[in-house]
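I opened my notebook to follow a few side chains and their partners. Here is what I looked up, entry by entry.

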Amino acid sequence: EAAARTYSIEDVVLPLPGTKVVMPQNELAEVYTELLARQRLEPASFHHKVKEMVMPGAYRRLVQRPRDLSWQYFRYTDP
C-alpha cells in the first residue's frame, strides 16, 4: 500500500530484450521467452562477435503522459 503511493502507472517500464536489459524475474519473463522462441530466438541471440550487430535492448514506458501538447483543428473540405 505504501509503494502504491510512491509509484504510479507512469513508472512502469517494459523491457525490450537485449544484452544490457535485466529481464524481470516473474511471469513476464516467461512470456518474453515464449515470444522469442516463436521467432526461433533466445536471450543469448542478442550477443554477437561483431560490435555493430549487438542488440543492447532498452526499456519503454507502458504509459507516457504527454507534456507541452498543442493541437489545431483543420476543416476538411475535399469531398
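Is E10 buried or exposed? I looked this one up first, keeping in mind that the model is predicted. E10 has a relative accessible area of 17%, so I noted it as buried, the cut-off being under 20%.

Next I checked where E10 sits: the loop between α1 (2-6) and β1 (13-16). Leaving out residues up to four places away in sequence, I found E10 touching R61, V63, R65 and R67.

Then I went through salt bridges, and a search of the whole structure gave me three. In one of them, the E10 and R65 side chains meet with N to O at 2.4 Å. That pair links distant parts of the chain, since R65 is in the segment after β2 (58-61), 55 residues from E10.

E10 also forms a salt bridge with R67, where the closest N and O atoms are 3.9 Å apart. R67 lies in the segment after β2 too, 57 residues from E10. I noted R67 as exposed, at 59% relative accessible area.

Because they are four residues apart in α2, about one helical turn separates them. E34 is partly exposed at 44%, while R38 is exposed at 58%. Back to the shared partners: salt bridges join E10, R65 and R67 into one network.

My last stop was M23, in the loop between β1 and α2 (27-38). M23 is partly exposed at 24%, and it touches P15 and Y32, not counting residues up to four places away in sequence.

Technical notes
Residues are numbered from 1 along each chain as its sequence is written. This is a predicted model: local features need pLDDT of at least 70, side-chain atom pairs count only at pLDDT 80 or more; totals for chains, interfaces and linings use all residues. Side-chain values use heavy atoms; hydrogens and water are left out. Helices (H or I, at least four residues) and strands (E, at least two) are DSSP runs, numbered from the N terminus. Contact means heavy atoms within 4.5 Å. Buried means under 20% relative accessible area, exposed over 50%, partly exposed in between (1.4 Å probe, protein chains only). A salt bridge is a side-chain nitrogen of Lys or Arg within 4 Å of a carboxyl oxygen of Asp or Glu.
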